[in-house]
Amino acid sequence: MIDHLSRAVISDPEQNLPTERPDSALIFPDSKTAPLRFRKRTLHETKIRTHSTLTENMLSHKVQFDGRIISRNGHDACRELVGFFFAHDQSLTIYEYRQFGKNRISVLPFIQKNIYSHQCGRRKGKQYQLGDFYIGANLTFLSSDHSSLPESIKENTLLILRITNIDQIALDSLKTDSVEPEDNLTSQEANDRLILKAVQDALKEQLHKRGVRILTGLAKYLQQLDKEGTGLLDKADFKQTLQVFHLEVSENDFESAWQILNGNDSGKVDYGEFKRAIIGEMNEYRKSFVRKAFMKLDFNKTGSVPITNIRKCYCAKKHPQVISGHSTEEEIKLSFLETLKDACSKSDEVTYGEFEDYYEGLSIGIVHDEDFVNIVRTPWGI
């Protein structure tokens, strides 16, 4: 996804809407041989014409990145996004890969090209800059500012996008030419990270051997506390949750973490954000394989998978305990399903959030990325 978009998207001169162009029509001019005056002005590699005075050279100073939506809604969480940040005016634009039928993929506008600012955290109100783009960074947008977003996304005040991959060569090149400070992290932000890292490290040992059960149970419990369905809980709710699950966080650490997360002094915090902040989360490399596994199971893209489908697709033939003869395939499968079902709000289906929670807990006790990836890939055949 990093080199080029999988399909060319051209602009309809009458309606300015993206349409698909067959692969056979893809002809990218050779920048080394074709004089600039003979080349079409194009917006990056997608072949979208621009009617402004921007030159192709100016538009080429960009960094491309892949992203995902942070959401417990499986359909939204598994959307495939690709974005561009332009250095000449610090604007950005985001597209979504959409599949139509078996073999047709189009790239459709998701966030229109414009200059945007952080919508939460220490940098709220500050314009996005080059230093804000790296793997693991969050981009926040007010959903009300983007009328074309899907209704499921517009239900939330904030749209949070996580950068999962980035064109590092282009990023390094732009940083070399940039007048921005090498590290525009404020002392306040640096202190925030140290505080949350200390809390995560303190909990990591407590979670090491019971990570799966706690992470799946924690998510389910927080959801039950959210009677209004807003995704927000107050300080007392979070304190109660930590006590119920015997997670020991000192009063000082808790208060410090709360001050960071409750930056707008609303008295309530998104419980997904709270969980990610104090417990941490698996890296984007690991998470990409969890998403691939779920997307393979959720072929109807509904955001949830029937337990019967999971039972059919899960293969335990290569599980170490099966190979060693200590357990049968059926025993391993039943053990997996039992643990997974404990996390589910419904007995007959698993949502993306619940599926992710299972692997989030499993990830805590696994040091090496490749070991974790093999655990995900092997039973699902991805």
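Is Val 269 buried or exposed, and what is its relative accessible area?

Mentor: Val 269 is buried, at a relative accessible area of 2%. Buried means under 20% relative accessible area, exposed means over 50%, and partly exposed is in between, using a 1.4 Å probe and protein chains only. Before going on, remember that this is a predicted model, where local features need pLDDT of at least 70 and side-chain atom pairs count only at pLDDT 80 or more, while totals for chains, interfaces and linings use all residues. Residues are numbered from 1 along each chain as its sequence is written, and side-chain values use heavy atoms, with hydrogens and water left out.

Back to your valine. Val 269 sits in strand β12, which covers residues 268–270. Strands here are DSSP runs of E with at least two residues, helices are runs of H or I with at least four, and both are numbered from the N terminus. Leaving aside residues up to four places away in sequence, Val 269 touches Gly 231, Leu 232, Leu 233, Phe 238, Trp 258, Leu 261, Asn 262 and Phe 274; a contact means heavy atoms within 4.5 Å. Take Phe 238, one of those partners: Phe 238 is 31 residues from Val 269 along the chain, and their C-alpha atoms are 9.4 Å apart.

Now zoom out. The protein chain has 15 helices and 14 strands, and 43% of its 382 residues count as buried. Of the contacts between residues at least 6 apart in sequence, 60% join residues at least 24 apart.

The structure holds 21 aromatic pairs, where rings of Phe, Tyr and Trp (its six-membered ring) pair if their centres lie within 6.5 Å; planes under 30 degrees apart count as stacked, over 60 as edge-to-face and the rest as tilted. Phe 65 and Phe 133 make a tilted pair, at 5.5 Å centre to centre and 45° between the planes. That pair links distant parts of the chain, 68 residues apart: Phe 65 in strand β5 (residues 62–69) and Phe 133 in the loop between β8 (104–114) and β9 (138–142). Phe 65 is buried at 3% relative accessibility, and Phe 133 is buried at 1%. With ring centres 5.3 Å apart and planes at 80°, Tyr 116 and Phe 141 are an edge-to-face pair. Tyr 116 is in the loop between β8 and β9 and Phe 141 is in strand β9, so this pair ties together parts 25 residues apart in sequence.
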